Amino acid sequence: MLDSKKHNHKINLQFIKVCFVVTLLGTLVRPLFIDLPFIFTGIGLLNLLSILVIYVVVKRHWCQRFEALSVFLIGVGTVTPLMVISGGINSQFAPIIPLIPLATALIGGVRMSMVVSVLLIGLITLFVVFHSQVADFTQDSSSQAKVVSRAVWYGLTLCATCYFGIFFYRRNQYLQQQLEKMATMDELTGVFNRRGFMALARQQLTMAYRNQRPFCIILLDIDHFKHINDTHGHDAGDMCLSAVATSIDNELREQDILGRYGGEEFILFLPDTNLQQSKRVAEKIRRAIALMVTGDEGLRLTVTQGIAGYEGGNLDDIEHYISLADEALYQGKESGRNKWVLSA
Ligand SMILES: Nc1nc2c(ncn2[C@@H]2O[C@H](COP(=O)(O)OP(=O)(O)OP(=O)(O)O)[C@@H](O)[C@H]2O)c(=O)[nH]1
């Protein structure tokens, strides 16, 4: 299970526990303070039972697809029966309702929170319309004006909590994306870092095997890069790294994956590409970089590339293809640089 899904699952379980405790307190403690008919305790106990059932269902992953919905049902299921028998909108339980869209947004997302808010506003409207039919065992005095004004207040509060829920949900998503980006992207060049590349390449590797489609790995190293750093400084070196990444990226298709594998080493995963086609890609990259002029000092660079590929049949792990590409790259360096070499 993904980390974020695991995290959501934990929050869902926490939410259910909170609902259980709130309902338990409401059921057991209230009769000590207010003289209420037994029906309140009965309904409270039924609520506790249903919450317990949903807790087990969620905990055991029996309905993963509807997990957020189960949590919402608990939220509504905890308060609705108690509202029905305790004066509807005048119920002491009604103020809990605006918390539900907030919780649902954080747990189930934007659409869920909006659906829940609309449903709850509908529920409140029904309570107002059928106000006189709602049994009020609490014997609280209520008037039509009081009911309508409270309904308007709850409607507004629901909209506000829905808005805040969605706001916090989006902020959370944004921060999560930023974190993921920081963990998988190379800050200097804007391409994937080794970790990001490996994660995507492993996925593509599995797909290639499943569909028996070819792929190629190209390992690319800038020639004599140490000389650039030593002669023109580290900043000029950094600028060259960025320029090389941009230049490679310009030669790739949308589905190709480019990563920075190490200091001045880049790595490419070319899905649906056989060795013949990858030679053409490598040559395009070699030529583009050789023609590139970088910075005010007009720096010129060349690169050497090692290519390894899979063309169907049994599959090895990604490290195997990288090490083949690395051997080919080494041969390229040994035999003069500024070239690409296919792995044997
Ligand atoms: N500016 C800059 N330099 C880096 C970075 N990462 C690694 N380097 C430098 O890259 C250089 C790599 O040098 P070598 O491994 O000797 O390779 P080379 O000089 O490119 O020689 P060949 O690969 O054999 O052609 C080292 O001087 C590193 O300090 C970086 O992020 N920025």
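Two residues are in contact if their C-beta atoms, placed from the backbone, lie within 7 Å. The model shown is predicted: local features need pLDDT of at least 70, side-chain atom pairs count only at pLDDT 80 or more, and totals for chains, interfaces and linings use all residues. Residues are numbered from 1 along each chain as its sequence is written.

**View 1. The whole protein chain.** Of the contacts with a separation of 6 or more in the protein chain, 71% join residues 24 or more positions apart. The protein chain holds 11 helices and seven strands. Both are DSSP runs, numbered from the N terminus: helices are H or I with at least four residues, strands are E with at least two. Of its 344 residues, 35% count as buried. A residue is buried if 20 or more other C-beta atoms lie within 10 Å of its own, exposed if 12 or fewer, and partly exposed in between, with C-beta atoms placed from the backbone.

**View 2. Helices α5 and α6.** Helix α5 covers residues 110–129 and helix α6 covers residues 144–184. They pack at an angle of about 175°, and their axes are 10 Å apart. Axes are lines fitted to C-alpha atoms, for helices over the stretch in contact, and angles run from 0 to 180 degrees between N-to-C directions. α5 and α6 are therefore roughly antiparallel to each other. Angles under 35 degrees count as roughly parallel, over 145 as roughly antiparallel, 65 to 115 as roughly perpendicular and the rest as oblique. The α5 side of the contact includes V110, M114, L120 and V128. The α6 side includes V147, Y154, L158 and Y169. By class, this contact of α5 with α6 has 15 nonpolar, four polar and no charged residues. Ala, Val, Leu, Ile, Met, Phe, Trp, Tyr, Cys and Pro count as nonpolar, Asp, Glu, Lys and Arg as charged, and the others, Gly among them, as polar.

**View 3. Helices α8 and α9.** Helix α8 (residues 225–232) packs against helix α9 (residues 234–250) at about 140°, with the axes 6 Å apart. The two helices are therefore oblique to each other. From α8 come F225, I228, N229 and H232; from α9 come H234, A236, G237 and C240.

**View 4. The shell around the ligand.** Which residues come nearest to the ligand? They are D223, F225, K226, G237 and G263, out of 17 around it. A residue is near a molecule or strand if its C-beta atom, placed from the backbone, lies within 6 Å of it. β1 (215–222), α8 and α9 are the elements that give two or more residues to this shell. By class, the shell has four nonpolar, six polar and seven charged residues.

**View 5. The five-stranded sheet.** The sheet is open, with mixed pairing and the strand order β2-β3-β1-β6-β7. β2 and β7 (340–342) stand at the edges with a single partner strand each, so one side of each is left without a neighbour in the sheet. From one strand to the next, the twist averages 20°. Two strands pair if DSSP finds at least two bridges between them. Helix α10 (residues 275–291) lies across β1, β3, β6 (303–310) and β7, at about 165° to β6. Helix α11 (residues 318–334) lies across β1, β6 and β7, at about 145° to β6.

View 6. β2 pairs with strand β3 (residues 265–271) in the antiparallel sense, over four bridges. I257 stands opposite F269, and G259 stands opposite I267. A hairpin of four residues joins β2 to β3.

View 7. H61 has a phi near 60°, a positive value in a residue other than glycine. H61 sits in the loop between α2 (38–59) and α3 (67–84). It is exposed, with 10 other C-beta atoms within 10 Å. Q212 has a positive phi of about 50° and is not a glycine either. Its loop runs between α7 (194–211) and β1. Q212 is exposed, with 11 other C-beta atoms within 10 Å.

**View 8. V293 in strand β4.** V293 belongs to β4 (residues 293–294). With 10 C-beta neighbours inside 10 Å, V293 counts as exposed. Leaving aside neighbours within four places in sequence, V293 is in contact with G298 and R300. V293 and A243 are 50 residues apart in sequence and 9.1 Å apart in space, C-alpha to C-alpha.
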